[in-house]
Amino acid sequence: MAAAVAAMAAALREWAAVAARQDAAWRAVLAAWAPLLGSLSGLAAQIRAAQRLAWGGSPLRAFGDLRVRLWRKQRGAAEALLEQLGVRRAELRAVRDAVGAGVAGVLRLYEERAAELGLAAALRRGPRCPSLADALEGLQDVERYYRHLYPSAAGLSGQRWRVPFPRCCPYRARRYLESKLLLRRVSCANLADMEALPQSWERILERYKEDVVQDMLLKISLFVDNHRELCCSPGS
Amino acid sequence: AKSPADGTPRRPVLSVSARKIKDNVADWHNLMMKWERLNDNGFTMANKIVNMKISEQFQDNKLEIACDNSATESEKPAPKYNEELDNCCTELLETLKHMTKIQLKMEKLTSTTKAICDLETFHRGAGNCTAPFFHTWPTPYFYEVSLKLSEMYKKELQLKQTIVQEIAHSADQDLMMVYLSSWLYQPYIENSSKLLLEAMLLETGHRQC
């Protein structure tokens with residue numbers, strides 16, 4: 001049992017190092033995301049102003065083809081910004097997938113060693129040590145955090161893991177749908193939504209402001225550093 | 001005089017012409033870069049002007065609502081002189097002056113290129129082909145490209161002149177937004193302008209393949 005716990009601790013240590021780097025990459029991408037959304041919002045405001053303007057009654061009426069030419073340039077600018085957004089989204093996706101793959105690896109190891117560990121050992125907590133089940137649940141929380149903020153049809157959603165007391169949350173499901181709809185709606189066909197992008201994104205981020213990843217990394221580090229307590233404690 | 005039989009150039013006047021065209025292309029590059037920098041400066045100023053106008057309108061609306069609740073027309077405050085707005089307008093005008101100079105230089109480059117084509121035609125005589133100065137472009141093509149670019153910048157300058165005349169006097173927020181957008185995106189400078197410049201730079205050897 002001690003060997004199995006140690007193996008899990010080693011796997012979690014390795015995962016935590018990777019997850020910390022991925023989290024830094026994730027934050028960098030989100031920081032770069034905000035100015036792009038701001039630029040798209042400003043551009044949408046400009047396009048809408050041009051649509052509302054009474055061109056014939058303005059000093060610009062002398063430039064007969066200006067309206068069409070301006071629209072072409074604005075659309076080109078929107079396409080360039082959307083392409084940059086696509087690159088950033090690909091970076092977010094890469095982080096989500098890397099974290100997901102890491103979590104899958106650790107959970108697969110748990111599956112393999114589950115019989116050796118036993119349920120009691122998986123649930124045992126020490127004075128300074130969360131249980132293995134707590135640590136693995138934390139892993140899933142991190143994976144779910146990235147997946148809900150950057151949703152896709154793939155990921156771990158289709159897989160079921162025999163981790164004690166898995167959680168489900170209808171509130172999180174709503175946030176998942178919100179971010180998915182927001183990302184899907186970004187286009188020149190929805191200028192009002194494009195103009196409101198920064199505020200919409202802020203509202204979603206506000207709901208994710210609890211530092212799930214850092215909290216879970218702390219929990220996992222407590223397990224990694226103190227897992228020997230679990231083997232020495234009564235009933236081990 | 002005809003070209004040597006082995007096809008290598010050149011009569012001295014053509015070498016001078018080739019060098020002149022190459023210098024012109026370098027000038028085109030420098031002028032277009034300077035124009036872009038001025039465009040950025042101009043946009044910063046125009047943006048400040050529009051923000052100040054919108055802010056003024058907001059203050060005026062608030063004041064109007066407050067004054068409507070009190071007494072007479074004579075008690076309503078006179079519009080204040082906005083020094084910062086005046087400074088931004090002055091700077092925008094300066095920017096436009098520099099852009100005008102650049103556009104005139106572009107016209108000069110075009111007419112110089114035309115003169116080189118005319119000279120080549122004169123020396124060539126009717127019906128004879130000359131080898132291109134550089135790789136593949138016949139000399140008249142340099143003139144065509146220069147003329148195309150020059151026309152783009154001329155029209156764009158006309159638009160910018162209108163914007164500079166009107167932007168500080170407009171009360172319509174949509175119109176001000178369109179002025180800003182038009183300044184920034186330069187609708188009369190087609191996307192092909194960058195390609196045309198790069199093509200000239202490649203042809204004349206300023207850029208290597």
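This is a predicted model: local features need pLDDT of at least 70, side-chain atom pairs count only at pLDDT 80 or more; totals for chains, interfaces and linings use all residues.

Which residues does A:Leu139 touch, not counting residues up to four places away in sequence?

A: Setting aside residues up to four places away in sequence, A:Leu139 touches A:Leu12, A:Trp15, A:Val103, A:Val106 and A:Ile220. The residue itself sits in helix α4 of chain A, which covers residues 132-149. A:Leu139 counts as buried because its relative accessible area is 0%, and the cut-off is under 20%.

Now hop to one of those partners, A:Leu12. With residues up to four places away in sequence left out, A:Leu12 touches A:Leu139 again, plus A:Val106, A:Leu132, A:Ala135, A:Leu136, A:Ile220, A:Phe223 and A:Val224. So A:Val106 and A:Ile220 turn up as contacts of A:Leu139 and also of A:Leu12, given that contact means heavy atoms within 4.5 Å.

Zoom out a bit and you get to the core. The largest nonpolar core has 115 residues, and A:Leu12, A:Trp15, A:Trp26, A:Leu60, A:Leu136, A:Phe223 and B:Met200 are the ones with the most contacts inside it. Its largest share comes from α1(A), with 20 residues. As background, nonpolar side chains in soluble globular proteins tend to be buried together.

For a sense of distance, A:Ser41 is 98 residues from A:Leu139 in sequence, and their C-alpha atoms are 36 Å apart.

Next, the place where the two chains meet. Here 19 residues of chain A are in contact with 19 residues of chain B. Between them about 1800 Å² is buried, with carbon and sulfur atoms giving 68% of that area. On the chain A side, A:Phe63, A:Arg69 and A:Lys73 supply 35% of the area that chain A buries against chain B, more than any other three residues.

Leaving aside neighbours within four places in sequence, B:Thr162 is in contact with A:Phe63, A:Pro59 and A:Leu60. B:Thr162 lies in helix α3 of chain B, residues 139-166, and is buried, with a relative accessible area of 14%.

A:Arg52 forms a salt bridge with B:Asp174, where the closest N and O atoms are 2.8 Å apart. There are also 8 residue pairs in polar contact between chain A and chain B. On the side of chain A that touches chain B, the elements giving two or more residues are α1 (2-52) and α2 (66-117). By class, that side has 12 nonpolar, 3 polar and 4 charged residues.

Key: Residues are numbered from 1 along each chain as its sequence is written. Chains are lettered from A and ligands numbered from 1 in the order in which they are written. Side-chain values use heavy atoms; hydrogens and water are left out. Helices (H or I, at least four residues) and strands (E, at least two) are DSSP runs, numbered from the N terminus. Buried means under 20% relative accessible area, exposed over 50%, partly exposed in between (1.4 Å probe, protein chains only). Buried area is the accessible area (1.4 Å probe) that two parts lose on being put together, summed over both. A salt bridge is a side-chain nitrogen of Lys or Arg within 4 Å of a carboxyl oxygen of Asp or Glu. A polar contact is a pair of N or O atoms within 3.5 Å; within protein, one must be able to donate a hydrogen and the other to accept it, and residues adjacent in sequence count only if both atoms are side-chain atoms. Ala, Val, Leu, Ile, Met, Phe, Trp, Tyr, Cys and Pro count as nonpolar, Asp, Glu, Lys and Arg as charged, and the others, Gly among them, as polar. A nonpolar core is a set of buried Ala, Val, Leu, Ile, Met, Phe, Trp, Tyr and Cys residues joined through side-chain atoms within 4.5 Å.
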